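User: I am new to this structure. Please take one part and walk me through it closely.

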Amino acid sequence: VIRVFGRLSSSNTQKVLWMLREVDRPFELTLASARLGHGSQLLCTSTGVKPFGVVDTDEYVSMCPTRQIPTLTDGDLAVWESHSIVRYLASKYKPELHLDDVEGMSRCSPWMDWLLASSFNL
């Protein structure tokens, strides 16, 4: 069983859930987070809502040393970081998406990498 640790309001978790649907794999979602998203300190203070937790456990750290979400487990394998998870799922379950040839990879991977770089205010 594939298991995803994350929160639905996380764009990084959403990428993983989208890819799981693309490769038509069933999964379980475990709500996990250290915070509730942008501005979460104010949200927690004003509403009393708490993050989901899980990421601060020893079990989670053994799967994801950065204590971030999302993390995916597939059997005994744990994969963390959304783009690594997306590439893993494509490679294992539907390589024709882009990983079965270098030309396809050269067209798809730059967009994921560009997204990472564009997130920083340089």
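Analyst: Here is a close look at one helix and its partners. This is a predicted model, where local features need pLDDT of at least 70, side-chain atom pairs count only at pLDDT 80 or more, and totals for chains, interfaces and linings use all residues. Residues are numbered from 1 along each chain as its sequence is written, and side-chain values use heavy atoms, with hydrogens and water left out.

The part is helix α4, residues 82–93. Helices are DSSP runs (H or I, at least four residues), as are strands (E, at least two), numbered from the N terminus. Helix α1 covers residues 11–22. The axes of α1 and α4 come within 9 Å and cross at roughly 5 degrees. That makes α1 roughly parallel to α4 (angles under 35 degrees count as such). Axes here are lines fitted to C-alpha atoms over the stretch in contact, and angles run from 0 to 180 degrees between N-to-C directions.

Which residues meet? From α1 come Asn12, Lys15, Val16, Met19 and Leu20. From α4 come Ser82, His83, Ile85, Val86, Leu89 and Ala90. Contact means heavy atoms within 4.5 Å. The residues of this contact divide into 7 nonpolar, 3 polar and 1 charged.

Helix α4 also holds Lys92. Lys92 forms a salt bridge with Asp74, with the closest N and O atoms 3.4 Å apart. The term means a side-chain nitrogen of Lys or Arg within 4 Å of a carboxyl oxygen of Asp or Glu. A search of the whole structure finds 1 salt bridge. Asp74 lies in strand β3 (residues 71–74), so the pair ties together parts 18 residues apart in sequence. Asp74 counts as buried at 13% relative accessibility. Lys92 counts as partly exposed at 47%. Buried means under 20% relative accessible area, exposed over 50%, and partly exposed in between (1.4 Å probe, protein chains only).

Conventions: Angles under 35 degrees count as roughly parallel, over 145 as roughly antiparallel, 65 to 115 as roughly perpendicular and the rest as oblique. Ala, Val, Leu, Ile, Met, Phe, Trp, Tyr, Cys and Pro count as nonpolar, Asp, Glu, Lys and Arg as charged, and the others, Gly among them, as polar.
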